[in-house]
Amino acid sequence: MIRPPLEVADIVRIYGTAFVKQHARWLTALHLKVLRAIVACRTAALGGHVEQCDSCGQRAISYNSCLNRHCPKCQSLARAQWLQDRQAELLNTEYFHVVFTLPELIATIAYQNKKELY
């Protein structure tokens, strides 16, 4: 697999400390955990394993994933599977996407009763 020239983890490594300092007043422990997971994902920090070809003996190191649901590396496969599942549900016809705004009074009721109204 070809690695893209820049990943989210690279950005967090470069600017993460400054970002955390600048936004410390609203960042939660969960936010910080996600940032740490993204940086560590598929690196030696999480360990890994060695794979070896039975035929030629060539070895490749594969590092473990963080499995964090916010990690772009870990969720790309899940996102692709979700899209494939949704495409399988589509009918063989044209679709139209309609967006409309509810009046404020109805919007408040809809927000409090999403399952029933939507």
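Okay, so helices here are DSSP runs of H or I with at least four residues, strands are E runs with at least two, and both are numbered from the N terminus. Two notes before we look around: this is a predicted model, where local features need pLDDT of at least 70 and side-chain atom pairs count only at pLDDT 80 or more, while totals for chains, interfaces and linings use all residues. Residues are numbered from 1 along each chain as its sequence is written, and side-chain values use heavy atoms, with hydrogens and water left out.

Let's start with α1 and α2. Helix α1 covers residues 8-22 and helix α2 covers residues 29-40, and their axes come within 9 Å, crossing at roughly 145°. Those axes are lines fitted to C-alpha atoms, over the stretch in contact for helices, with angles from 0 to 180 degrees between N-to-C directions. So which residues of α1 meet α2? They're V8, A9, V12, R13 and V20, and across from them in α2 sit L32, L35, I38 and V39. Contact means heavy atoms within 4.5 Å.

Keep an eye on R13, as it turns up again in a salt bridge with D10, the closest N and O atoms being 3.0 Å apart. A salt bridge is a side-chain nitrogen of Lys or Arg within 4 Å of a carboxyl oxygen of Asp or Glu. R13 and D10 are 3 residues apart in helix α1, so about one helical turn separates them. D10 is buried, at 14% relative accessible area, while R13 is partly exposed at 39%. For those words, buried is under 20% relative accessible area, exposed is over 50%, and partly exposed is in between, with a 1.4 Å probe and protein chains only.

How many salt bridges are there by this rule? The count is 3. Another one joins E7 and K73, with 3.1 Å between the closest N and O atoms. This pair links distant parts of the chain, 66 residues apart: E7 is in the segment before α1, and K73 is in helix α3, residues 72-89. Both E7 and K73 are buried.

Then there's E89 with R86, at 2.9 Å from N to O. They're 3 residues apart in α3, so again about one helical turn. E89 is exposed at 52%, and R86 is partly exposed at 29%.

Last stop, helix α4, residues 104-112. L105 lies in this helix, and its 66% relative accessibility is why we call L105 exposed.
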